[in-house]
There are 2 protein chains.
Amino acid sequence: MDERAIGVFDSGLGGLTAVREIRRILPGETIIYFGDTARVPYGSRSKEMLLKYTRQDMRFLRSFDLKAVLVACGTVSTTALPQVRKEHDIPVLGVVEPACRAAAKSTRNKKVGLIATAASIRSGAYEETLRAIDSDIQVKGKACPLFVPLVENGRVHSGDVVIETVVREYLQELKDWGADTLILGCTHYPLLMEVIGAFMGEGVALINSGAAAAEELKAHLEQADLTVSGRDGDAWFYASDRVQNFEELAELFLAEKLPHGAKKIDIEQY
Amino acid sequence: MDERAIGVFDSGLGGLTAVREIRRILPGETIIYFGDTARVPYGSRSKEMLLKYTRQDMRFLRSFDLKAVLVACGTVSTTALPQVRKEHDIPVLGVVEPACRAAAKSTRNKKVGLIATAASIRSGAYEETLRAIDSDIQVKGKACPLFVPLVENGRVHSGDVVIETVVREYLQELKDWGADTLILGCTHYPLLMEVIGAFMGEGVALINSGAAAAEELKAHLEQADLTVSGRDGDAWFYASDRVQNFEELAELFLAEKLPHGAKKIDIEQY
């Protein structure tokens, strides 16, 4: 048992869907979350810039006493993560590898669909990781640029013609192709689980990358006997831009109120 | 006659609708455009962050020899502009005052509707400016956060259920209220002119803030005898993120091809 906290960061709010899963399956843990809302989105940054940002995000998180960090940002997971992992003496997990392992385990027909931001699709990181796990797997990726703004505006409910139209337009081709597994390769997308699930049909498994990462984190902590139980875990939230928007939206992603609100920090000082 | 260029900047692509108007009514002028695509959107940033970004955008533009700058960003026009104007020895025009003057001139029933980003609405700047022009004018503002991503994804056409649904949801209350003039307080919105016009009906005047600013810029230059004529003006485009996206979308906003493509610059160095 190790009472130190778990750090989680993302470029913005999306990583809160991973926090939600951690709180569900590791309810005794303390969580420190940082959303780099002043510098979102990371998807378009150069590799050097991403390494700089990631190092700053890690330095801020390490100002707390941590036992592990979950990088809940797909872009960082596929770029700066291997380097930054070497620079820290605690486990640093990403979201891409857990999602790919879960997808490889789930698919029967070896046809895996991938939806993500344009930058993540362009990076080819999911395809590469999936093929390294099982070279027989075929991957078809589809960028879904309207999903993030639609989710952030609460357009997540079945029966909303706006989200249902956009879901159909983006996913029709993956459905026609016959994917039996679909990776939600962006931490915003779990909020669309219901609408996407209804469109794709029951035969298609949806892989929530935040949930897959939370599962691996749990396995990791259990193996090293570092989990905390017998208490209610707490959660503290930080952002680099005004916290009002952050607090308003956080409830949607986290499915609970922020226990202590959110606090703004100046990430450039780290 | 002054052959120096006119600088224009916006957080992204929207300001190109103002460039389109400048090129239409001041065809002899050279234009330098900067779109801060790496840090878009500005609408959700704090005031401090907006001042920092605006100063950097101005420093980049002033690396060219300019006779005037048009800030084609509603958010900056309502936040950082007064401060930054003091820091420069050439005219720096925003989009808010020209739009308000045009709206005050247009309205007969003194009911002016305003649509803009959440930050612009929150700032209260349009209301303040309109009431300073005519204290009898009533203003009703409505934030339309989904318009920018929808426009940037090409959802601008009549008959598209997605944009028509969102337009109806956002504008119904302004229509019911009886606005006879509607300020499009964001440089992306002129692309929705047709859909918005069809919904609001013929009796409602739509004020294109970029066009109103271009008119004032023209008047300003003519008064000081600074306009250039007898030649075809040229236009150079810069962005802070990968220019491929920028070039693809620019044509939609500008209604012409970029004469020299676009060039990427590192705005953090300014």
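In which sense do β1(A) and strand β2 of chain A pair, and over how many bridges? The pairing is parallel and runs over 5 bridges, with β2(A) spanning residues 31-35. The model examined here is predicted. The predictor assigns the complex an ipTM of 0.85 and a pTM of 0.88. Chain A has an average pLDDT of 94, and 100% of its residues score at least 70.

Strand β1 of chain A covers residues 5-10. In β2(A), A:Gly35 is the bridge partner of A:Asp10. β1(A) is also joined to strand β3 of chain A, residues 66-71. These two strands run parallel and share 5 bridges. Within this pairing, A:Ile6 stands opposite A:Ala68 of β3(A).

In a regular strand, side chains alternate between the two faces of the sheet. In β1(A), A:Ala5, A:Gly7 and A:Phe9 point one way. A:Ile6, A:Val8 and A:Asp10 point the other way. Both sets are buried. Because 6 of the 6 residues of β1(A) are buried, the strand is largely enclosed by the rest of the structure.

Nonpolar side chains tend to be buried together in soluble globular proteins. The largest nonpolar core of the model holds 187 residues. The members that touch the most others are A:Leu70, A:Val71 and A:Leu182, together with B:Leu70, B:Val71 and B:Leu182. Leaving aside residues up to four places away in sequence, B:Leu70 touches B:Ile6, B:Val8, B:Ala18, B:Leu93, B:Ala213 and B:Leu217.

Chain A is assigned two domains: domain 1 (5-94 + 211-269) and domain 2 (96-209). The C-alpha centres of domain 1 and domain 2 of chain A are 22 Å apart. Contact between them involves 21 residues of domain 1 of chain A and 22 residues of domain 2 of chain A. On the domain 1 side, α1 (16-25), α3 (74-77), α11 (209-223) and α12 (243-254) of chain A each supply at least two residues. The most come from α11(A), which gives 5 residues. By class, this side of domain 1 of chain A has 8 nonpolar, 10 polar and 3 charged residues.

The contact between the chains takes 13 residues from chain A and 15 residues from chain B. Helix α9 of chain A, residues 161-177, provides the largest share of the chain A side, with 4 residues. The side of chain A that touches chain B has 7 nonpolar, 4 polar and 2 charged residues.

Conventions:
Residues are numbered from 1 along each chain as its sequence is written. Chains are lettered from A and ligands numbered from 1 in the order in which they are written. This is a predicted model: local features need pLDDT of at least 70, side-chain atom pairs count only at pLDDT 80 or more; totals for chains, interfaces and linings use all residues. pLDDT is the predictor's confidence in each residue, from 0 to 100. Two residues are in contact if their C-beta atoms, placed from the backbone, lie within 7 Å. Ala, Val, Leu, Ile, Met, Phe, Trp, Tyr, Cys and Pro count as nonpolar, Asp, Glu, Lys and Arg as charged, and the others, Gly among them, as polar. A nonpolar core is a set of buried Ala, Val, Leu, Ile, Met, Phe, Trp, Tyr and Cys residues joined through C-beta atoms within 7 Å. A residue is buried if 20 or more other C-beta atoms lie within 10 Å of its own, exposed if 12 or fewer, and partly exposed in between; C-beta atoms are placed from the backbone. Domain bounds come from an automatic or database domain assignment. Two strands pair if DSSP finds at least two bridges between them.
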